[in-house]
Amino acid sequence: MITDLSFKNGDVYKWSWNEVEYNRRKDLANLYWCESRIGIVDGECLVDTFWSGGSNSRCFDKNDVLTKLDVQYLGNLNDYQPCRKEMQAMYDDKDFLDLSHSNNGISGAYYLRKDATKSKEKMVKIVKRNALLLQYKVESAKRALEWELTKLRNSEEIDYAYGLDGVSLSDESYVDEDFYLLGEVK
């Protein structure tokens, strides 16, 4: 529990009800209804971002924050600039601020520290993860192709078929012209 708090415009906090307040509210069906649990300081108020700061937004004054909430400081928006989510692949997480939640879509939710520098270590990790995912997809596609070819080899016994995503289910399709690419199925 924090005992002192200096609000500075643009400070960003993750928040949740503290233990006492949680226990008081836990039987309510709407414990965190219409709340992002991300707050930005505006004047003397920590404003929950669910309603983008409109008149319906939950506002906590310093006393509320000190007596009802557990908060985690994330940074100050004045030290960040808006960016695309994809930028996180090139920068350390400590330089990236993700304010996305269920009610704000994807625009205006991601911020990059103004003095951030690209991280080679992070980029190498991301490229390795990409390679692993692609390797998995290739192996999976090979197994799926073999399964389909096995069904073709035993076409007299086919009694069930389904179309993969992107496969036309109509009687005729332009891709039918490409059946020769499968070669002679044996």
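Is Cys34 buried, partly exposed or exposed? Keep that in mind while we set up. You're looking at a predicted model, where local features need pLDDT of at least 70 and side-chain atom pairs count only at pLDDT 80 or more, while totals for chains, interfaces and linings use all residues. Residues are numbered from 1 along each chain as its sequence is written, and side-chain values use heavy atoms, with hydrogens and water left out.

**Stop 1**

Select Cys34, in the loop between helix 1 (19-25) and strand 2; helices (H or I, at least four residues) and strands (E, at least two) are DSSP runs, numbered from the N terminus. Cys34 counts as partly exposed, because its relative accessibility is 26% and the partly exposed class sits between buried (under 20% relative accessible area) and exposed (over 50%), using a 1.4 Å probe and protein chains only. Its phi is near 55°, a positive value in a residue other than glycine.

Now click on Arg37, in that loop between helix 1 and strand 2. Arg37 isn't a glycine, yet it has a positive phi of about 65°. Arg37 is partly exposed too, at 33% relative accessible area.

**Stop 2**

Five of them make an open sheet in the order 4-3-2-1-5, with antiparallel pairing; two strands pair if DSSP finds at least two bridges between them. At the edges are strand 4 (59-60) and strand 5 (69-76), each pairing on one side only. Zoom in on strand 1 and strand 2 (residues 38-42): they run antiparallel, joined by three bridges. Lys14 stands opposite Ile38 in strand 2.

**Stop 1: the core**

Select Leu5, Phe7, Tyr13, Trp15, Trp17, Leu31, Val41, Leu46, Phe60, Val65 and Leu69: together they form the largest nonpolar core. Such a core is a set of buried Ala, Val, Leu, Ile, Met, Phe, Trp, Tyr and Cys residues joined through side-chain atoms within 4.5 Å. Strand 1 (residues 11-17) gives the most to this core, with three residues.

Centre on Tyr13. Leaving out residues up to four places away in sequence, Tyr13 touches, among others, Leu5, Arg37, Val41 and Leu46, with contact meaning heavy atoms within 4.5 Å.

**Last stop: residues beside a pocket**

Finally, select Glu148, Tyr162, Val167, Phe179 and Leu182, which lie nearest the centre of the largest pocket. A pocket is an open set of points on a 1 Å grid over the protein atoms alone, where a 1.4 Å probe fits, with protein on both sides within 12 Å along at least five of seven lines; lining residues have an atom within 4 Å of a point. Here the lining has 25 residues.
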